Amino acid sequence: MNLPQLTAQIGKTARKEIGDSSELAMLVKPVNIEADQKMILFMTLDLDQQEIRFEDPVPYSDKAPYQYNYFGNNSRAGMQYYVTREGSSSHYLLKSAFSDLYLVLKKHGLHDEELGRLLVEMKELRFIQLGSKKGAGTVNLDLIKGIPKAVLDDKNHIVIDGMAKKAEDFLRHVLEWENRDTRFALVVPRVVHHQEMMILSQHPDYLTVVKKEQNLEGTGRKNSEKYCYVCHEKRTDVSSGLTTRFSGSGINKIFVTTTFNYAKNIDKKYYDDSYAICSSCFQDLLFGEKKVKESFFSRIAGERAFILPEGILDDFHYNRLAVLKHGTDLFFEKGLAQDFDEELETAMEDFRNAESYVVHFLIYRTDGNSVTVLRTIEDVPTMQIVQVVDMLGKQANRLYPYLLSMSLGSIYRMIPVRTSKTGDQLDIQRVLSIYHALFTKTAIEADVLFGYASEALEKGFREIRKKQGRQFANLGWESFAPDQEDFYFRQLIMRYLCLLQTCQELGLLDRNIFDKRGVVSVDVSGMTGKVQEAEAFLEEQSFGSMERALFYVGMLLRSVARAQYEKNHRSKPILNKISFQGMNQREVIRLYQEILEKLNQYDRMTMENEQYISLFHRYYGMLKEAEALTDQEHVFYIMAGYAFFPAKAKDRKATETGDLA
């Protein structure tokens, strides 16, 4: 994967789609305001009438940020020269925005052009004050029509008649706008001069100075040609300095570094040999960065992620990339199940028809200033993703009705992840490594999965039993608190069975688990329906003899737990006899003996339980030394028997809770 070239290609396509509507479309920010109605409001500085008016509200449209060049807010440490603002940030227009704009024009030698001269005239007419340093200028609030007098306080509130108002409340006050369900998405300054109206954010001088400030114009010198890292062309406007203008939290930051070790000869003066780009590719990368953030951002395992499809043989088709990204999101959110899901089936078909495409996953963290890559999973064929999702669905169907569905996102809900005080996931790599193995056909150690399962059983159980659990929220145990741990056990065990079966069918496990080792067929035709159901399940899942013996220990364990629950022992003390970290054979036998004692104590030695006991002895007696399981496997199969009860319709919501990654 060549990340810069892919990002630039996406940017080039986005540039064609929206670039014509604004010279600076790559800088335009979306307006993220939730409201029943969003409006655009104009701030009219009428030099002819000697007044400032907030007027002419019009409905907001998605094209407005491009039409009026909305770039968000400048950084707090920089000049506040952007003139189109959100309503909640419109106080900048009453402070230093016009003065800072003049200073930026002056910095680039544009202050004597039309826009600079206009700002000077506005100063002479007492509309604004131009300061000598950033943040020093102001707007004459006495000229605002509709209010007698207003001042700005230290908290950027506008004070009218002793009442401090936030920017958007101030706008409502001026307009006498009573509908608070309406938000002012954008405030656009315009100037009326000699009966002509000028929108400042569309003025050529404004566009020019923004380009210069953002290094969007060529910076190279003649006779200093260098190769561009992205397009591989030799040009004069090539520089590594352009990379400092990328967003600190965007995809372009991933391939940009200032570490000496990455420069040729370990010398910073040779950065250009590794990271230099031309101004054209820089603009493509800015467009691409914006488009990737809008259309290819996702979350995987609770972390930020970019999901980038790429064509290997086909020409670049942006729409196909968007379809594949959407399909990937669906595979993490939804699992193939008994019920037909048209959207999911359509996504599967889209992937099957895109054999010449691969998908790249970049999972990362950002603090807004830098990016830390947690894991990259590159060049994943679409057919491999389909194969994994399809196999998860098939195995989930084999486990129905004990498991209703299984998605890629469910895997995140199976592996314990501890969080720090700041909310960072400390051991998320164990989850990401499983995704990496599934997508790249890398071997997975069965013992690792059984270890995760034992840990998840214990951690979730302990958190459910606490008055206020604080850790391992990714396991989704909150849905089962305070005393629904049996449903938690069922969901977790059945998901692990689904994952283990999937990995074995895909040839990813380091050893076969489900192969009916040592099993001799048993005639259960004369036994209870529950016993017959259990035997059919064990046969379907290809459990070996030891696994089946442990399974019946778990079913007996559940009989004791239910008896205790019915006697108002709601904590089911028998569960405290399980050592979730692992149990050797001696400990398993000791647990089995204690279960028999409790069955007699609670008068639960029923015919069905006696049949469970008989089958335990039958399968356990077949055990050979070579068929011994690990301590974690002992616990897993005991709990598989304990969790063997079907998911009812009312349990569906709880069972499917937390599938989103």
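This is a predicted model: local features need pLDDT of at least 70, side-chain atom pairs count only at pLDDT 80 or more; totals for chains, interfaces and linings use all residues.

Biologist: OK, so is E485 buried or exposed?

Modeller: E485 has 0% relative accessibility, so it counts as buried. You'll find E485 in helix 14, residues 485-505.

Biologist: Which side chain does the E485 side chain make a polar contact with?

Modeller: That's K572, at 3.1 Å. Leaving aside neighbours within four places in sequence, the contacts of E485 also include F461, I464 and R570.

Biologist: Switching to helix 3, how many of its residues are buried?

Modeller: Nine of the eleven residues in helix 3 (97-107) are buried, so the helix is largely enclosed by the rest of the structure. Among the buried ones are F98, D100 and Y102.

Biologist: And what covers them?

Modeller: The cover includes strand 1 (37-46), helix 4 (114-124) and helix 6 (204-213). Just after helix 3, by the way, G109 takes a positive phi of about 70°.

Biologist: New topic: where does the largest pocket lie?

Modeller: Domain 1 (3-22 + 217-293) and domain 2 (25-214) both give residues to its lining, so the largest pocket lies between them. Its space comes to about 1000 Å³.

Biologist: What lines the largest pocket?

Modeller: The lining has 34 residues, with K29, F71, N73, R245 and S247 nearest the centre. By class, twelve are nonpolar, 14 polar and eight charged. Helix 8 (279-295) gives the most to that lining, with six residues.

Key
Residues are numbered from 1 along each chain as its sequence is written. Side-chain values use heavy atoms; hydrogens and water are left out. Helices (H or I, at least four residues) and strands (E, at least two) are DSSP runs, numbered from the N terminus. Buried means under 20% relative accessible area, exposed over 50%, partly exposed in between (1.4 Å probe, protein chains only). A polar contact is a pair of N or O atoms within 3.5 Å; within protein, one must be able to donate a hydrogen and the other to accept it, and residues adjacent in sequence count only if both atoms are side-chain atoms. Contact means heavy atoms within 4.5 Å. On a 1 Å grid over the protein atoms alone, a cavity is a set of points where a 1.4 Å probe fits but cannot get out, and a pocket is an open set with protein on both sides within 12 Å along at least five of seven lines; lining residues have an atom within 4 Å of a point. Grid points are joined across faces, edges and corners, and a volume is the space filled by probe spheres set on the points. Ala, Val, Leu, Ile, Met, Phe, Trp, Tyr, Cys and Pro count as nonpolar, Asp, Glu, Lys and Arg as charged, and the others, Gly among them, as polar. Domain bounds come from an automatic or database domain assignment.
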